[in-house]
Amino acid sequence: MPDVKPMIEIRNVSRHFGTFRALDQINLDVAAGEFFSLLGPSGCGKTTLLRMLAGLDTPTSGTISIDGADCTEVRANQRPTNMVFQSYAIFPHLNVAENVAYGLKRMRLGRVEEARRVDEALEMVRLPGFGARKGNELSGGQRQRVALARALVMRPKVLLLDEPLSALDKKLREEMQTELRTLQQSVGITFVLVTHDQYEALALSDRIAVMFGGQIAQVASPMEIYQRPTTRKVADFLGGMNFLRGRIAAEAGAALTVETERFGTATLTKPPGFTASGGRATVGIRPERLRVLWDGERAEHELTGRIANRAYFGETTSLSVAIDGLEAPLSIVETNTFGADELNIGAEVRLAFDPEALVLMADPDAR
Amino acid sequence: MSGRVRRWAGSEAARGLALISPTLLYAMAMLLLPVIIIILFSFWKQTFLTVDHSFRLDNYRAALTQPIYRDLFLRSLWISLTVSVATVVMAYPVAWYISFHGGRNKNLWLFLITVPFLTSYLLRVMSWKLVLGYNGVLNSLLLWLGLIHSPIESLLYNADSVIITLVHSWVAFAILPIFVSLEKIDRSLVEAGQDLGDGLFRSLTKIVLPLSLPGVTSAFLIVMIPTVGDYVTPKLVGGTEGVMIASAIEVNFGRAMNWPLGAALSVTTMVLVASAAGLMVLALRLAVRGVRR
């Protein structure tokens, strides 16, 4: 990506509502053709940022460029972006074809070409022949597809999606996720997705920006952001994480040797923004990176503990294992292949871990 | 049979009906009964104080054929149509502004609109006499500006002054239903329109107006139906040119002592205003559908 000019350039963008800072000095680049997600809890400013990309809101300061052109002050109706709204915003007084054709009307394509493009868009979202239906005769998933077709038919440079799947039930949501990803790859348009669902962001995106309190905490690929979260908050938001207290033993450039409680000494890479407080550091390990050792199994790095709690999830079992010398019990996720669902509370278990899976957090002080 | 009655008596519908029955009975007694009596009267005949109860259509013949009544009907319809169109046209931007740009002050705006209602309707009508009169505010202003050299006499006591006064009296009643229907429009629909290329004009005509049509329609009816039969305003500011059908009805029920003819005029007015209202609703729908395309 370094040589290519980014599709979206966000520079020092802030948005204040009175004294409240919805967005604070945001800097972000999104490459052309990228599926980019803004992930964060509600109120983190992700929707505000998306609305600014759409032109429905204006930054208090900073600039936004799309495809090389500064469009900070350009209104929504003049931007090469189109949006899929959270409520889908299907015009209730128009039928499906009229909804999809709505934006095309201004282009004066002529009736034949317009109808062709509407049909093509409905085909693309797998709703062929739905043109005459009214908006209120559609199911949630169908409304979502219409909203998608209505935006895609405009052939925007950037498609903006505001929590498009949050109103759908689980099964339909998973189906639409796959479809959305396939669609994005086939049309090659830059997608910017806003979501609070980390699984959705991980499954769909090329890159994810995690946001908290109007600031971007980390931007990385799904794998990196999950495996190498830089802060405790990011780690927590993306899934379970066991935090361990560590003591810095040696420092060599970006590499840090940390002594951890019970997990031995490991040499870890310093994340950006790393601050040590009095030689202390926080190290994390994901629950699925810990593994129960069955009878006769041996591992290079082992821990022994007692099961304090368990929760059964069908395909997996979540265990909470108390370890001597650790303040909080470790949480572990085991698939039920070898009988993890048959382990009882109070039973003694041996655990294996890989020191490679340890990550150093930028913010110190465990718990 | 009794089981079915008992089951019905315990149903949600029956309880609802029981709840509204006092109001319903009151409304029936005060609204439906007089209307039935008026309709009966319209087919009778009165000679001085005696009423002949035999069925006849003479009153309707008189109401529909006598030039004076025909003129009054036409003028009443014309005035009420003009008033309702003007009222809705003036009320819409106000309602739109409050709903879309009122921000935190929406309630303050709505309160300000209802402030004139703290004074009597008669006073509000009378105040237009002060504005439009021979030595009134408007004439004085125009004289002072040097735009005219002698006061305009035709400002008051004609159909126009009736229209002006009625529009002023009714505009708040039109603002409220339009405001309510504008409030109900999901703002993301407007934003979706902008996102798809709408400027202000297209946004208004293609999205806001069609979706607020129920409010516009009820505003229209709320103004049109009562103004057809308005009596006080033409009496005070209408002069001879501004007389409306209500005056004729009043004369027949009063001095002329011809209740049956008065009743026939009333019934005819009701039928006319109902059809005119229906036609206007239809026209409004077609107009909006035309704009939408």
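Let's start with one residue pair: in chain A, I10(A) sits opposite L28(A), which belongs to strand β2(A). This is a predicted model, where local features need pLDDT of at least 70, side-chain atom pairs count only at pLDDT 80 or more, and totals for chains, interfaces and linings use all residues. Residues are numbered from 1 along each chain as its sequence is written, while chains are lettered from A and ligands numbered from 1 in the order in which they are written.

Now for the strands around that pair. β1 (residues 8–17) and β2 (residues 20–30) of chain A run antiparallel and are joined by seven bridges. Two strands count as paired if DSSP finds at least two bridges between them; the strands (E, at least two residues) and helices (H or I, at least four) are DSSP runs, numbered from the N terminus. The hairpin that β1(A) and β2(A) make has two residues between the strands, and G18(A) there takes a positive phi near 65°.

Further along chain A comes an open sheet of five strands, in the order β15-β19-β16-β17-β18, with antiparallel pairing. At its edges stand β15 (290–293) and β18 (330–335) of chain A; each has a single partner strand, so one side of each is left without a neighbour in the sheet. From one strand to the next, the twist averages 50°. As for β15(A), four bridges tie it to the antiparallel strand β19 (residues 348–353) of chain A. Here R291(A) has A352(A) in β19(A) as its bridge partner.

Over to chain B, and to a pair of helices. α4 (residues 67–101) and α8 (residues 159–183) of chain B pack at an angle of about 40°, with their axes 6 Å apart. Axes are lines fitted to C-alpha atoms, for helices over the stretch in contact, and angles run from 0 to 180 degrees between N-to-C directions. By class, the contact of α4(B) with α8(B) has 23 nonpolar, three polar and two charged residues. (Ala, Val, Leu, Ile, Met, Phe, Trp, Tyr, Cys and Pro count as nonpolar, Asp, Glu, Lys and Arg as charged, and the others, Gly among them, as polar.)

Finally, where do the chains meet? 14 residues of chain B are in contact with 15 residues of chain A, contact meaning that the C-beta atoms, placed from the backbone, lie within 7 Å. On the side of chain B that touches chain A, α9 (187–195) and α10 (200–211) of chain B each supply at least two residues. The most comes from α9(B), with six residues. Sorted by class, this side of chain B has six nonpolar, four polar and four charged residues.

Key
Contact = placed C-beta atoms within 7 Å.
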